[in-house]
Amino acid sequence: MLNKRSHVPLYIQLRDEILDKIREEIWPTDSQIPTEKALMAEYGVGRATVREAISILENEGYLIKRHGIGTFVARSQPSFGFEPLISLTYSLKAKGIHSDNVIKEKKIITPDAGILKMTRSPGMEKCLYLQRYRYANGTPIAIEDSYFSDKFADIDTRHDLTGSLARLLLRDLNVTIKKVEQVIVPRVPSPREQDILQIEDDVLVLDMERWIYSEDQAEPFYYLNFIIPSNIYSLSGF
């Protein structure tokens with residue numbers, strides 16, 4: 001039970017109590033945990049304490065909320081630290097910046113030799129190609145091209161692709177990431193990129209490529225090409 005005289009905040013104590021039940025598989029993976037009201041009654045705390053504890057466990061990858069259903073155990077071991085590193089949405093939210101993602105193209109494709117080389121996935125027979133334009137506080141900040149391998153090619157039929165793709169992979173699809181490789185190269189933008197990103201002639205773009213590997217696949221399951229203005233954090237509202 002919680003010690004209300006302890007110097008440790010109640011929400012941290014509750015987080016540890018819930019985590020113990022997850023690790024001991026009292027609440028196994030994919031099971032639904034008790035409601036906020038039930039946790040409040042069991043531990044004698046307020047709603048704010050319960051929500052803070054659950055929020056921490058969500059951010060750590062242990063829990064996932066399913067809208068209109070409840071909160072479920074995502075995994076007994078967390079996906080340590082990857083979301084802040086690979087999610088622009090997460091970074092913007094941390095700065096209090098509202099983001100929007102607009103899907104410009106979405107289709108299943110048979111990758112040609114160039115795509116297979118680019119994605120480092122020579123064994124891929126089909127993939128989901130997704131292009132989005134990213135906005136922050138109404139300002140265009142990125143052109144994003146994503147390629148999902150065969151295993152995840154049908155996620156557009158099951159999930160909303162206008163939100164954070166990192167959160168989708170880590171929480172909704174419960175992917176355990178083994179490795180992330182990334183290359184960023186500054187360069188002169190094309191006229192099309194200048195037009196989409198609304199940048200001046202003297203502003204470079206950062207051309208980023210990212211390959212993400214899961215623990216059960218030798219080839220990357222996800223490839224991302226991300227074009228952002230080099231002056232992104234000097235833009236209005238950042």
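**Close-up views of a predicted model**

**View 1. Salt bridge between Lys-179 and Glu-181.** Glu-181 has a relative accessible area of 25% and is therefore classed as partly exposed. The structure shown here and in the other views is a predicted model.

**View 2. Salt bridge between Lys-21 and Glu-42.** Twelve salt bridges are found when the whole structure is searched. In the one shown here, the side chains of Lys-21 and Glu-42 meet at 3.1 Å, N to O. Because Lys-21 belongs to helix H1 (residues 10-23) and Glu-42 to helix H2 (residues 36-43), the pair ties together parts that are 21 residues apart in sequence. Lys-21 counts as buried, at 16% relative accessibility, which lies under the 20% limit for that class. Glu-42 counts as partly exposed, at 36%.

**View 3. Salt bridge between Arg-187 and Glu-193.** The side chains of these two residues, Arg-187 and Glu-193, are joined with an N to O distance of 2.8 Å. Glu-193 is buried, with a relative accessible area of 9%, whereas Arg-187 is partly exposed, at 25% relative accessibility.

**View 4. Salt-bridge network of Glu-36, Arg-47 and Arg-51.**

**View 5. The largest nonpolar core.** This core comprises 29 residues, and the members that touch the most others are Phe-148, Ile-155 and Tyr-222. At least two residues of the core come from each of the following elements: helix H5 (88-94), strand S4 (127-136), strand S5 (139-148), helix H7 (165-172), strand S7 (205-214) and strand S8 (222-229). Helix H7 provides the largest share, five residues. A further core, of 17 residues, lies apart from this one and includes Leu-2, Leu-14, Ile-22 and Tyr-62. In soluble globular proteins, nonpolar side chains tend to be buried together.

**View 6. Surroundings of Ile-155.** When neighbours within four places in sequence are left aside, Ile-155 is in contact with Leu-128, Phe-148, Leu-161, Leu-168 and Leu-173. Both Ile-155 and Phe-148 are among the members of the largest nonpolar core that touch the most other members.

**View 7. The largest cavity and its lining.** The structure holds one cavity of 30 Å³ or more, and the volume of the largest cavity is about 30 Å³. Its lining is formed by Thr-119, Ser-121, Met-124, Tyr-147, Ser-149, Pro-220, Phe-221, Tyr-222 and Tyr-223. Six of the lining residues are nonpolar and three are polar, while none is charged. Tyr-222, one of the lining residues, is also a member of the largest nonpolar core.

**View 8. Lys-107 in strand S3.** Lys-107 is part of strand S3, which spans residues 99-109. With neighbours within four places in sequence set aside, Lys-107 is in contact with Cys-127, Leu-128 and Tyr-129. The C-alpha atoms of Lys-107 and Cys-127 are 8.4 Å apart, although 20 residues separate the two positions in sequence. Lys-107 counts as partly exposed, at 39% relative accessibility. Leu-128, a contact of Lys-107 in this view, is in contact with Ile-155 as well.

**View 9. Glu-200 in the loop between H8 and S7.** Glu-200 is placed in the loop that runs between helix H8 (191-197) and strand S7. Glu-200 counts as exposed, at 56% relative accessibility. A C-alpha separation of 39 Å lies between Glu-200 and Asp-172, which are 28 residues apart along the chain.

**View 10. Positive phi values at Glu-25 and Asp-30.** Most residues other than glycine have a negative phi. Glu-25 has a positive phi, near 60°, and the phi of Asp-30 is also positive, at about 80°. Glu-25 is found in the loop between H1 and H2, and Asp-30 is placed in the loop between these two helices as well. Glu-25 is exposed, with a relative accessible area of 57%.

Conventions
Residues are numbered from 1 along each chain as its sequence is written. This is a predicted model: local features need pLDDT of at least 70, side-chain atom pairs count only at pLDDT 80 or more; totals for chains, interfaces and linings use all residues. Side-chain values use heavy atoms; hydrogens and water are left out. A nonpolar core is a set of buried Ala, Val, Leu, Ile, Met, Phe, Trp, Tyr and Cys residues joined through side-chain atoms within 4.5 Å. Buried means under 20% relative accessible area, exposed over 50%, partly exposed in between (1.4 Å probe, protein chains only). Helices (H or I, at least four residues) and strands (E, at least two) are DSSP runs, numbered from the N terminus. Contact means heavy atoms within 4.5 Å. On a 1 Å grid over the protein atoms alone, a cavity is a set of points where a 1.4 Å probe fits but cannot get out, and a pocket is an open set with protein on both sides within 12 Å along at least five of seven lines; lining residues have an atom within 4 Å of a point. Grid points are joined across faces, edges and corners, and a volume is the space filled by probe spheres set on the points. Ala, Val, Leu, Ile, Met, Phe, Trp, Tyr, Cys and Pro count as nonpolar, Asp, Glu, Lys and Arg as charged, and the others, Gly among them, as polar. A salt bridge is a side-chain nitrogen of Lys or Arg within 4 Å of a carboxyl oxygen of Asp or Glu.
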